[in-house]
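This report describes a selected part of one structure. The sequence and coordinates are shown first.

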Amino acid sequence: MEDLLHSIEQKVKPLIGLGKVADYIPALANVDPNQFGIAIYSNDGELYYSGQANTEFSIQSISKVFSLTLAIKHYGDSMWQRVGREPSGNPFNSLVQLEYEAGVPRNPFINAGALVICDMNQSRFASPHYAMREFIRRLANNPELRSDKIVSDSEYEFRSRNASMAYLMKAFGNFENDVETVLHNYFDNCAMRMSCVDLAKAFSFLANRGFCQHTGEQVLSPKETMQVNGLLATSGLYDEAGNFAYRVGLPGKSGVGGGIVAIVPNRFSVCVWSPELNKSGNSLAGMAALEALSESIGWSIFG
Ligand code: GLN
C-alpha cells in the first residue's frame, strides 16, 4: 500500500501550481502551496501514509462532519426540520436558495447548513467549541489538537457573508441563539488544525459502522452512519459532489484548507491534503490523488 501511495504522490505533485490557495483571509493565503500528504487508516487499525501526512493544516469545512455528528447524537431525526438533505448545486457560501426556501438550508455541509447545526449545538452545550474540540481529540486520539486563533479571528473579521446567511435564517425563525456567538464557535471549529493522520483516524467510525476502534466508542449507530455517508456522497463536495462521485466514487468531505476525507465503507478512512484548490474550493491535487487511488484499488461504491 505504501508504494502505491508514494507513486500516487509522484503522479499528482506536478498538478501543484495549477490551482489556487484559499485567499479569502490572509491567514490561509499565506500557506505554502507546495505541500501534499495522504493517510489511510484501516478498520484493523493499520496506518499507511506518504508525503506530509503528519503536517497540520486548517480543517475548515471538514469540521462540519463533526458538528453534524454531535447534533445527530442529540437531536436525532428531529433536526431535519431545520436543515435539508439535498445537494445544493451552488457554491458552499451561496445565499440564493435560503431566500426561496424560507431559511432552511439545503444540506448540513454548505455554510448555511453548518451554521444551523452550530446553532443547534449552541442550544445544547454551554461551550460548544470546547465540546467539539474534546470530541475531535478523542476521535483522533490526539489530545494536542487545537484551533488556530489567528485563522478564526481573521474569519470573524471577514464574516459578512456567513453573517448574512445566519441573520437571514434568524429572520425566517430558523436560528435560536445570538448570531455573533454562533459565528465565533463556527469559525473556531473550522480553524481546528489537524494532519492527514489525525483526520483519517478521526473519521474511522464512518468506515466502521459507527464504531471508533481506538476509543471503543459507538459514535453513531450503524444506521446513522449509513445516513451520514449518504449525505457525504451527495453533498460533501458542494457543487462538485457529482464530479467527485464520478471520479472517486466514495462518500467524502472537503475543506478550503485543501483537505479531503473519504470513506471506504467497512474498510478504510482516507485523508489527502494539498492546499491549492480548484474552482469549487476543493483540493486539486487531492481530488486527483483520490481518483488514482480509488481506481487502482477498485474502491468506488458504485462499482
Ligand atoms: N470557514 C470557511 C467559510 O466559512 C469554510 C468553508 C469551506 O471550507 N468550504 O467560508
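## Basis

The structure is a predicted model.

## Strand β10

## Pairing partners of β10

Strand β2, formed by residues 37-42, runs antiparallel to β10 and is joined to it by 6 bridges. Within this pairing, isoleucine 40 is found opposite valine 270 of β10.

Strand β9, residues 259-264, also pairs with β10 in the antiparallel sense, over 6 bridges. Here valine 270 of β10 is the bridge partner of alanine 262. A hairpin is formed by β9 and β10, with 3 residues between the two strands. In the turn, asparagine 266 has a positive phi of about 70°.

## Helix α14

Helix α14 comprises the 14 residues 284-297. From first to last C-alpha the helix reaches 20 Å, close to the 20 Å expected at 1.5 Å a residue. Just after α14, glycine 298 adopts a positive phi of about 75°.

The buried residues of α14 include Leu284, Ala285, Gly286, Met287, Ala288, Ala289 and Leu290. Leu293 and Ser294 are likewise buried. The cover over the buried residues of α14 includes strands β2, β9 and β10. Also among the covering elements are α1 (2-12), α13 (241-247) and β11 (276-277).

How values were computed. Residues numbered from 1 in each chain as written. Predicted model: local features only at pLDDT ≥ 70, side-chain atom pairs only at ≥ 80, totals over all residues. Pairing = 2+ DSSP bridges. Helix = DSSP H or I, 4+ residues; strand = E, 2+ residues; numbered from the N terminus. Expected span 1.5 Å × (residues − 1). Buried ≥ 20, exposed ≤ 12 C-beta atoms within 10 Å, placed from the backbone. Contact = placed C-beta atoms within 7 Å.
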